[in-house]
Amino acid sequence: MAEHDWTGGDLPTFVTHLECSLTGERYPADTLQTLSKAGRPLLVRYDLDGVRRALPREALPARPQTLWRYRELLPVRRSENVVSLGEVVTPLIPLPRLAARLAASGEILVKDEGRLPTGSFKARGLALAVSMAKELGVGTMAMPTNGNAGAAMAAYCSRVGIKAYVFCPDDTPAVNVREIAMQGAEVFLVNGLIDDCGKLVSEGERAVGWFNCSTLREPYRIEGKKTMGIELAEQLGWELPDVIFYPTGGGTGIIGMWKAFAELEAIGWIGPKRPRMVVVQATGCAPMVKAWEDGAEHAPRWENAHTFAAGIRVPQAVGDFLILRAVRESGGFATAISDDAIAEAWREVAAEEGLLLCPEGAATYAAYKQALVDGRVRPGEQVVLFNCASGLKYPMPEAGNPLKLGSTIDWQRLIQDRRPTAQR
């Protein structure tokens, strides 16, 4: 399969401007931007009437199965600036055995983002961020990360020859740190959390001119992440599910999907129905849950953040109000899950369905089970759980000890013990 379905030159893009997500102030689209003057994320805006006229929904099946199939709703202007490692459309995996036990006539679907390059959904956002960095002449990029985002930025920067600096908390899983280094970035371990790493990136931005690619501090990672929502709608026949459970750290994905749904309705591809958006965090780091419960618009920093699900250990999010807006507008909710419940959910889905989630993905299944018990989700509803990375990237919880066989006698005893009772 070809990497793209274009041959070079201009792409049919419809970007009109960038817009402050808090104040609505407009910014030019084709110059390098970070946060708005109000210190808030910038959103890419499109001529959606133009997209509607140029791109009939029926044209999509003929296009390659990559996120670039939605190029009219993406910001890259020139095909030579597209930086790709093969961003496939990720599958929706049903969990029929668990659904039969838990969901009555409902359906549990997992959007398995672990199939993307670098093994996580961070590839979506960084493919767009690095492509736009190339288009706008960036030579050096830097970011803080709990692992997967740094790996994705390192890979895409290496692909196109942009220098990358990545700062990780010093307890970041070793596989992520090695992955980042193998893919050509300079990686530093920091005694602190991801926002402490972010402070160092900001200092480097001021001192030596690194382009800061921290979550929501540039406009384009949202555009990559929103393709999750477009894909989901297409995979479900241009209908949306009843509920989406999303593991939320910085929240780029939930913001991006909510933006995608509005754009899809504006171009006539979906109707007004929206899923209830559910923010899933860990009890050891739940700033968005507390803000939602308090009825607040912003979430103060969560002190002493801790959870083994590193991807959702984000003490404070610059796009907090956008996350909360999506939850409230959708009639959804925010919920926190204990590490013990996450580990048990991780084991349960793997053992029952053969699908090895990442810890953050497992948190969404634990949250779904909890929501069934407290009545916030009904058994007959169609739910989508987002698994944000391959489970193979993480140290796994204990799940039974292997049996050691040392002799023919041991083997014979093993066979005898496991025969059906009637055959013994």
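What follows is a friendly conversation about a predicted model.

Biologist: Let's begin with two helices: at what angle do the axes of H12 and H13 cross?

Modeller: Helix H12 covers residues 339–353 and helix H13 covers residues 359–374. Their axes come within 8 Å. Angles of 65 to 115 degrees count as roughly perpendicular, and H12 is therefore roughly perpendicular to H13. The crossing angle is roughly 95°.

Biologist: How many nonpolar residues does the contact of H12 with H13 have?

Modeller: On the H12 side we find Ala341, Ile342, Ala345, Trp346, Glu348 and Val349. They meet Pro359, Ala362, Ala363, Tyr365, Ala366 and Lys369 in H13. By class, two residues in this contact are charged and no residue is polar, while the number of nonpolar residues is 10.

Biologist: On to the aromatic rings: are Phe167 and Phe188 stacked or edge-to-face?

Modeller: A search of the whole structure gives 10 aromatic pairs. For Phe167 and Phe188, the ring centres are 4.9 Å apart and the planes are at 20°. Planes under 30 degrees apart count as stacked, so this pair is stacked.

Biologist: How many residues apart are Phe167 and Phe188?

Modeller: Phe167 belongs to strand S7 (residues 163–169), whereas Phe188 belongs to strand S8 (residues 186–190). Phe167 is buried because its relative accessibility is 8%, while Phe188 at 32% is partly exposed. The pair links distant parts of the chain, and the separation is 21 residues.

Biologist: Where do Trp238 and Trp269 sit in the chain?

Modeller: These two form an edge-to-face pair, with 5.2 Å centre to centre and 70° between the planes. Both count as buried, given relative accessible areas of 13% for Trp238 and 4% for Trp269. They are 31 residues apart: Trp238 is in the loop between helix H8 and strand S10, and Trp269 is in the loop between helix H9 and strand S11.

Biologist: How far is Arg376 from the ring centre of Phe333?

Modeller: There are charges over rings to look at here. The charged end of Lys225 sits over the ring of Phe121, 4.0 Å from its centre. Arg376 lies over the face of Phe333, and its distance from the ring centre is 4.1 Å.

Biologist: Which elements cover the buried residues of H11?

Modeller: Helix H11 (residues 320–330) has eight of its 11 residues buried, so it is largely enclosed by the rest of the structure. Among the buried ones are Phe321, Leu322, Ile323 and Leu324. Just after the helix, Gly331 takes a positive phi of about 75°. The cover over the buried residues includes H9, S11, helix H10 and strand S12.

Biologist: Is Gln281 buried or exposed?

Modeller: Gln281 lies in strand S11. Leaving out residues up to four places away in sequence, Gln281 touches several others, including Thr248, Met288, Ile312 and Thr335. The C-alpha atoms of Gln281 and Ala336 are separated by 4.7 Å, although these residues are 55 apart along the chain. With a relative accessibility of 0%, Gln281 counts as buried.

Biologist: How far apart are the C-alpha atoms of Glu265 and Leu48?

Modeller: Glu265 lies in helix H9 and is partly exposed at 33% relative accessibility. Beyond neighbours within four places in sequence, Glu265 is in contact with Ile270, Gly271, Pro272 and Arg274. Leu48 is 217 residues away along the chain, yet the C-alpha separation is 9.8 Å.

Biologist: Some backbone angles to finish: what phi does Thr118 have?

Modeller: Thr118 lies in the loop between strand S5 and helix H3. At 15% relative accessibility, Thr118 counts as buried. Although Thr118 is not a glycine, its phi is positive, at about 65°.

Biologist: And is Asn304 buried or exposed?

Modeller: Asn304 lies in the loop between H10 and H11. Its phi is near 55°, a positive value in a residue other than glycine. Since its relative accessibility is 67%, Asn304 counts as exposed.

Technical notes:
Residues are numbered from 1 along each chain as its sequence is written. This is a predicted model: local features need pLDDT of at least 70, side-chain atom pairs count only at pLDDT 80 or more; totals for chains, interfaces and linings use all residues. Side-chain values use heavy atoms; hydrogens and water are left out. Axes are lines fitted to C-alpha atoms, for helices over the stretch in contact, and angles run from 0 to 180 degrees between N-to-C directions. Helices (H or I, at least four residues) and strands (E, at least two) are DSSP runs, numbered from the N terminus. Angles under 35 degrees count as roughly parallel, over 145 as roughly antiparallel, 65 to 115 as roughly perpendicular and the rest as oblique. Contact means heavy atoms within 4.5 Å. Ala, Val, Leu, Ile, Met, Phe, Trp, Tyr, Cys and Pro count as nonpolar, Asp, Glu, Lys and Arg as charged, and the others, Gly among them, as polar. Rings of Phe, Tyr and Trp (its six-membered ring) pair if their centres lie within 6.5 Å; planes under 30 degrees apart count as stacked, over 60 as edge-to-face and the rest as tilted. Buried means under 20% relative accessible area, exposed over 50%, partly exposed in between (1.4 Å probe, protein chains only). A charge sits over a ring if NZ of Lys or CZ of Arg is within 6 Å of the ring centre and within 35 degrees of the ring normal.
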